[in-house]
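Subject: Structure handover

Hi,

Here is the structure I promised to pass on. Please open it and keep it beside this note as you read.

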Amino acid sequence: MAEVDMGEASAIGGDLILVLNSGSSSLKFGLYQPGGADEEPVLVGSADGIGRGDGSLRIRSSDGKTIVRRDGIQESQSDALAALATAMGEHAGGVPAVVGHRVVHGGPRLSHHQVITPQVLEQLRSAVHFAPLHIPQALSLIAAAQTIFPTAVQFACFDTAFHRTIPEVAAHLPLPQRYFDAGVRRYGFHGISYESLVHHFGASLPSRAVFAHLGNGSSLCAVRDGKSIDTTMGLTPTGGIPMGTRSGDLDPGVILYLLRNEEFDADSLEDLLNHHSGLFALSSGEGDVKALQERALANGAAARLALDVFAVAVRKQIGAYIALMGGVDLLVFAGGIGEHSEQVRSGATEGLESFGLTADKIQVVAAAEELQMARHCRAMVRKSH
């Protein structure tokens, strides 16, 4: 890792670390300071519905009190970040010494959390074709943060980093070797969430665990001795189980059919698979699980189908990972759906008792991505000294 010069930044921002968790139309953030045993939040919040008229910005203090509440359009993540910077100046008494960015995909060359250098930015630009929906957005937010916080050291925390331990049998797709050599492989995502779960359990984490991060984007991970050995998402976050608006894995023949018979090109196909598929497609227009559950209670057949498809897909994957590891000691549900939908959890575990998955092995744990990023950033700063 490159050396980090913390002198000027530390003089201005002290020990404050700002972490930015970028989504497709949202920006979660947390401002942290060192505590006794862990990072302590100073300010946390999110900008949701970015670019939409129903957008909102919420910033809370460490005691949970809302100190900023704005409704209306935030045109971009950069605008939301500028509003956050203003709030930090008013309520935190300074600017951060460090800014950490969640970067969904770093391509084949960037597989470790690290300081952002011009070389790292160049490698990200060269990897745009691996994640055209995510990397340009990350680059834009990094540039905005460098402008708004010019004295702060910037770090990248890669969602793929946790999965660099998966063996070749899981990483290697059944394509000619030249594609693997070019970076076409299973990368896996939600790694920062999974890292936070490993940290949560610490020494009590058993040898064989299955983590299920279920939200608008959903994946599962087989974890042996605290390390990822397989995961459902592949080359991109579109793969794996069906999600809110993403298709998950499809028979390649479906893609060929769409290209040949529906006059799709790469861009329109990408839009279909990422924004108009999954639960949204199955239910004819709704990708939110809470809303689907309400529809299902009102005898909505399409909503019931969407929920059943989702739960069964999760259940099949849990079963596959039990088989892969020769049993299971712990199943953890995280993410918005995993944490809050008992219906999905019940459907996803139905009948798995015969495979050794008893109720005492199932836990619900809130993902702590922002906090985990702050931990990584603090560790990288300390390593640089």
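Start with one term: buried means under 20% relative accessible area, exposed means over 50%, and partly exposed lies in between (1.4 Å probe, protein chains only). Helices (H or I, at least four residues) and strands (E, at least two) are DSSP runs, numbered from the N terminus.

Some ground rules. This is a predicted model, where local features need pLDDT of at least 70, side-chain atom pairs count only at pLDDT 80 or more, and totals for chains, interfaces and linings use all residues. Residues are numbered from 1 along each chain as its sequence is written, and side-chain values use heavy atoms, with hydrogens and water left out.

Helix H7

Go to H7, residues 191-201. This helix is mostly covered, with 8 of its 11 residues buried. Those buried residues are Gly191, Ile192, Ser193, Tyr194, Glu195, Ser196, Leu197 and Phe201. After H7 comes Gly202, with a positive phi near 55 degrees.

H7 against H15

H7 packs with helix H15, residues 369-384. The angle is about 80 degrees, and the axes are 8 Å apart. Axes here are lines fitted to C-alpha atoms, for helices over the stretch in contact, and angles run from 0 to 180 degrees between N-to-C directions. H7 and H15 are therefore roughly perpendicular to each other. The cut-offs are these: under 35 degrees is roughly parallel, over 145 roughly antiparallel, 65 to 115 roughly perpendicular, and the rest oblique.

Which residues make the contact of H7 and H15? From H7 come Ile192, Ser193, Glu195, Ser196 and His199. From H15 come Glu369, Gln372, Met373, Arg375 and His376. Contact means heavy atoms within 4.5 Å. By type, the residues of this contact are 2 nonpolar, 5 polar and 3 charged. Ala, Val, Leu, Ile, Met, Phe, Trp, Tyr, Cys and Pro count as nonpolar; Asp, Glu, Lys and Arg count as charged; the others, Gly among them, count as polar.

Stay in H15 for Ser384. Ser384 is buried, at 9% relative accessibility. A polar atom of the Ser384 side chain lies 2.6 Å from the backbone oxygen of Val381.

Salt bridges

How many salt bridges does the structure hold? There are 9. A salt bridge is a side-chain nitrogen of Lys or Arg within 4 Å of a carboxyl oxygen of Asp or Glu. Here are some to look at.

- Arg375 and Asp38: the closest N and O atoms are 2.7 Å apart. This pair links distant parts of the chain, 337 residues apart. Arg375 is in H15, while Asp38 sits in the loop between strand S2 (27-34) and strand S3 (39-48). Arg375 is buried at 16% relative accessibility, whereas Asp38 is partly exposed at 27%.
- Arg125 and Glu122: the N to O distance is 3.5 Å. The two are 3 residues apart in helix H3 (residues 118-126), so about one helical turn separates them. Arg125 is partly exposed, with a relative accessible area of 46%, and Glu122 is partly exposed with 45%.
- Arg315 and Glu350: the closest N and O atoms are 3.7 Å apart. Arg315 is in helix H12 (residues 301-325), and Glu350 is in the loop between helix H14 (342-349) and strand S13 (362-364). They are 35 residues apart. Arg315 counts as partly exposed, at 24% relative accessibility.

Other spots

Val68 lies in strand S5 (residues 66-71). Val68 is buried, at 9% relative accessibility. Leaving out residues up to four places away in sequence, Val68 touches Leu57, Arg58, Ile59, Ala87 and His91.

Ser111 is in the loop between strand S6 (98-103) and strand S7 (114-115). Ser111 is partly exposed, with a relative accessible area of 26%. Ser111 and Ala161 are 50 residues apart in sequence, yet their C-alpha atoms are 4.9 Å apart. The side chain of Ser111 also makes a polar contact with the side chain of His112, at 3.2 Å. A polar contact is a pair of N or O atoms within 3.5 Å; within protein, one must be able to donate a hydrogen and the other to accept it, and residues adjacent in sequence count only if both atoms are side-chain atoms.

Last, look at the start of helix H8 (residues 252-261). There, a side-chain oxygen of Asp251 reaches to within 2.7 Å of the backbone nitrogen of Gly253. Glu263 follows H8, with a positive phi near 55 degrees.

Best wishes
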